[in-house]
Amino acid sequence: MKIVVCVKQIQNPEIPSAQFRIDEEAKVLIPVSGLSPVLSPFDEQAVEAALRIRDRAGEDTDVEITIVTIASKGVRAPIKAALALGADNAVLLSDSMFDGSGGYVTARNLAEAIRTIGDVDLILTGRQAADGDAGVVGLGIAEILDIPAITFARDVQINDGVVTVQRVLQDGIETVEADLPALVTISNELGKVRHASMRETMRAAKKPVNEWTPEDIGLDEGQAGAAAMRYNRERLYVPVNDIECEFIIGDTPAELAATLAQHMRAAKLI
Amino acid sequence: MTDNDSGVLVVVEVADGQPVDLGKEMLGLARQLTENLGGTVTAVAFGAGLENIGEILIAYGADQVLINDNALFADFHAEAWLPDLSKIISEVAPIVVLIGHSEPGTDLAPRLAFRLDVDVATGCESIEIINGRPHMTRSCFGGLAREVVTFSKTPALATIRSKTQQALEPMIERVGEIEQVSSILDGSSLRTRVVSRETEKADGAKMESAKIVIGGGLGLGGPEGFKTLNEIAELVDGAVGASRAACDLDWCPRSYQIGLSGRTVAPELYIAVGISGASHHMAGCGNSKTIVSVNTDPKAEIFKSSRFGIVGNSQEIMPALAEEIRKLKA
Ligand SMILES: Cc1cc2nc3c(=O)[nH]c(=O)nc-3n(C[C@H](O)[C@H](O)[C@H](O)COP(=O)(O)OP(=O)(O)OC[C@H]3O[C@@H](n4cnc5c(N)ncnc54)[C@H](O)[C@@H]3O)c2cc1C
Ligand SMILES: Nc1ncnc2c1ncn2[C@@H]1O[C@H](COP(=O)(O)O)[C@@H](O)[C@H]1O
């Protein structure tokens with residue numbers, strides 16, 4: 001069985017907001033210096049979902065896990081991290097022509113890479129990348145490849161060519177299945193990811209990372225990256241927050257609580 | 001964009017035969033957009049047993065309502081909605097399509113965009129028409145930034161965050177057209193099969209309409225902390241929510257989660273208890289009228305978005321607050 005996990009490499013999404021900077025002129029993020037990129041958290045969980053499938057499959061089923069990423073040249077740490085967790089190999093689309101292009105182009109390019117890999121049974125993505133927060137690319141890949149897609153998974157199981165997914169609903173859980181090949185997007189409810197073992201980390205250095213150009217996946221210049229972009233970022237900004245916090249003063253919890261309760265009554269909320 | 005494209009189409013979710021609040025909010029936005037764009041507002045409702053929905057949607061601003069009333073649509077199933085919805089959108093040919101940034105909407109909109117070969121802006125907070133072109137403002141970087149995007153193809157799809165738009169006062173005398181559409185769905189073509197669905201009768205809807213929401217985070221110290229919050233919520237007819245961190249530890253039901261990947265609330269008063277104020281959390285409560293926070297750390301990020309702050313231990317403050325409210329109510 002062949003599983004592809006699409007991962008995006010981003011700036012740590014949990015840095016303190018005071019460190020977060022953008023360039024309004026160029027309309028891009030200014031990376032925090034000295035901070036190396038990480039796997040987008042939902043994508044890291046997608047890798048975990050793939051590893052759990054392999055763990056459950058047992059010895060006699062061959063499960064090959066391939067990491068696919070579009071990222072700038074030279075960015076390797078997050079792929080290495082995914083390989084150290086236990087993925088078998090990686091495809092890196094790092095030609096400058098793949099750069100900065102939005103959900104539509106990203107999905108097209110990833111879909112072509114997956115076609116080129118060939119005979120993929122299951123594609124896993126994060127529910128959304130934790131930089132753009134879009135949640136578009138996974139479903140886009142499925143539409144382009146014309147395969148079923150199931151979103152917001154907290155559990156993914158494969159049995160006899162069928163994927164069974166527990167999906168997270170606003171008010172509960174739904175169990176959905178589809179025949180393979182299929183695509184599943186992973187939500188944080190999947191839970192904790194494993195730590196890389198020393199053994200896998202050492203092995204990871206020897207695992208193949210294939211770098212592909214647009215040509216390698218059958219795309220010509222107009223179909224990759226900025227040339228194929230259909231959206232324009234008109235502006236990027238950090239919203240201003242001009243709230244002044246008034247601290248309630250008091251000597252005891254009861255006093256503090258009483259003042260708050262008075263405020264609530266004054267506002268006619270009690 | 002062809003010359004024939006005009007107006008705005010709104011996909012309205014229906015719950016218990018009624019349009020959800022977000023649907024009404026989007027109709028308000030659609031009316032505003034057509035003032036500038038021209039054209040009409042078309043509302044589309046899918047479901048089973050949609051009796052009076054047409055009149056309601058017209059009262060809230062629709063000029064035309066297309067109703068797809070079919071047992072197949074009793075529960076939301078993205079794949080099942082796609083063929084009909086893409087056909088309707090192609091026929092109506094709007095300039096903008098509004099879809100709720102809800103769990104169903106976020107499952108549906110990207111599929112629809114790729115099927116129609118157009119683009120989608122998810123998690124939008126506003127849309128403005130500049131020189132006849134929709135400019136969508138959406139939240140990104142975990143809520144820390146906003147981007148304004150435009151698309152080169154029509155229609156522009158946008159999912160709209162709850163509580164960012166104002167619904168109109170319903171006007172019963174508004175006139176409009178109601179049309180029943182028949183489904184082209186071939187049920188046997190569906191490739192995803194829903195095996196079972198378990199929903200907790202959660203207070204979710206209540207959370208979104210409550211005047212007071214109390215959010216609990218890791219600073220509550222454990223699941224017991226939520227008991228006190230529930231007690232207070234009951235006293236003030238409010239609802240309880242939580243940070244993802246608290247949900248992840250199962251201190252409270254999953255459906256309590258407020259934020260980027262949870263619910264969006266905008267009550268009169270949001271009381272954040274033991275919540276640090278990560279942008280991902282604020283993405284779901286930042287539009288509240290007034291935020292009051294209780295936190296042991298005077299430097300906590302949450303105070304930067306709060307009107308009032310209490311520096312203190314939630315395990316002492318919250319029981320005391322319950323007591324004080326009881327006194328006031330007595
Ligand atoms: C892609 C992505 C999506 C996310 N989506 C969401 C989301 O939808 N919703 C969400 O909430 N989070 C989300 N998060 C997580 C978010 O970044 C934060 O990690 C999370 O909100 C922190 O939860 P918390 O405030 O409860 O915990 P912490 O950050 O640990 O904060 C606990 C706070 O409690 C205070 N405290 C400690 N003890 C006490 C006490 N006795 N009394 C009072 N105060 C006390 C501390 O000073 C601290 O400020 C997301 C993260 C990512 C990366
Ligand atoms: N540049 C990329 N390389 C590989 N996978 C990506 C990339 N961008 C997005 N994805 C995948 O698509 C998911 C959704 O991304 P998005 O639509 O950008 O929110 C992510 O969680 C990844 O799994």
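**Ligand 2**

Me: What makes the pair of A:Cys6 and ligand 2 a polar contact?
Reply: A polar backbone atom of A:Cys6 is 2.6 Å from an oxygen atom of ligand 2. The limit for a pair of N or O atoms is 3.5 Å, so the pair counts. Do keep in mind that this is a predicted model.

Me: Which other residues have a polar atom by an oxygen atom of ligand 2?
Reply: A:Asp43 has a polar side-chain atom 2.4 Å from an oxygen atom of the ligand. For A:Ala134, a polar backbone atom is 3.4 Å from an oxygen atom of ligand 2. Both values are within 3.5 Å, so both pairs pass.

Me: Which residues come nearest to ligand 2?
Reply: There are 17 residues around ligand 2, and A:Cys6, A:Asp43, A:Ala129, A:Gly135 and A:Val136 come nearest.

**Ligand 1**

Me: Why is the site of ligand 1 called shared?
Reply: The residues that surround ligand 1 come from chains A and B, which is why the site counts as shared between chains. Of the 28 residues around this ligand, those that come nearest are B:Ser243, B:Ile258, B:Ser276, B:His280 and B:Asn295.

Me: Why is the pair of B:Asp119 and A:Arg230 called a salt bridge?
Reply: Their closest N and O atoms are 3.2 Å apart. The cut-off between a side-chain nitrogen of Lys or Arg and a carboxyl oxygen of Asp or Glu is 4 Å, so this Arg and Asp pair qualifies. In general, side chains of opposite charge can pair when their charged atoms come close.

Me: How many salt bridges are there between chain A and chain B?
Reply: The count between the two chains is 13, and over all chains the rule gives 43. There are also 36 residue pairs in polar contact between chain A and chain B, with both residues at pLDDT 80 or more. On the side of chain A that touches chain B, the largest share, eleven residues, comes from helix 6 of chain A. That side divides into 41 nonpolar, 15 polar and 19 charged residues.

Me: How much area is buried between chain A and chain B?
Reply: About 6800 Å², with carbon and sulfur atoms giving 58% of this. In chain A, A:Glu143, A:Gln170 and A:Arg230 lose the most area to chain B, together 11% of what that side buries. In terms of contact, 75 residues of chain A meet 78 residues of chain B.

**Strands**

Me: What makes strand 11 of chain A and strand 12 of chain B a pair?
Reply: They are joined by seven bridges and run antiparallel. Pairing needs at least two bridges, so the test is passed. A:Ile173 stands opposite B:Glu198 in strand 12 of chain B.

Me: How do you know that strand 15 and strand 16 of chain B pair?
Reply: Five bridges link strand 15 (residues 269–273) with strand 16 (residues 290–295), in the parallel sense. At least two bridges are required, so these strands pair too. B:Leu269 stands opposite B:Thr290 in strand 16.

Me: What makes a strand of the open six-strand sheet an edge strand?
Reply: An edge strand pairs on one side only, as strand 15 of chain A and strand 14 (239–242) of chain B do. The order of the sheet is 15(A)-17(B)-16(B)-15(B)-13(B)-14(B), with parallel pairing.

**Within chain A**

Me: Why do A:Arg54 and A:Asp88 count as a salt bridge?
Reply: Their side chains meet with N to O at 3.1 Å, within the 4 Å cut-off, so the name holds. This pair links distant parts of the chain, 34 residues apart: A:Arg54 is in helix 1 and A:Asp88 in the loop between helix 2 and strand 7 of chain A.

Me: What is omega for the peptide bond from A:Leu180 to A:Pro181?
Reply: It is near 0°, and the bond is cis. A:Pro181 has its place in the loop between strand 11 and strand 12 of chain A.

Key. Residues are numbered from 1 along each chain as its sequence is written. Chains are lettered from A and ligands numbered from 1 in the order in which they are written. This is a predicted model: local features need pLDDT of at least 70, side-chain atom pairs count only at pLDDT 80 or more; totals for chains, interfaces and linings use all residues. Side-chain values use heavy atoms; hydrogens and water are left out. Contact means heavy atoms within 4.5 Å. Buried area is the accessible area (1.4 Å probe) that two parts lose on being put together, summed over both. A polar contact is a pair of N or O atoms within 3.5 Å; within protein, one must be able to donate a hydrogen and the other to accept it, and residues adjacent in sequence count only if both atoms are side-chain atoms. Helices (H or I, at least four residues) and strands (E, at least two) are DSSP runs, numbered from the N terminus. Ala, Val, Leu, Ile, Met, Phe, Trp, Tyr, Cys and Pro count as nonpolar, Asp, Glu, Lys and Arg as charged, and the others, Gly among them, as polar. A residue is near a molecule or strand if one of its heavy atoms lies within 4 Å of it.
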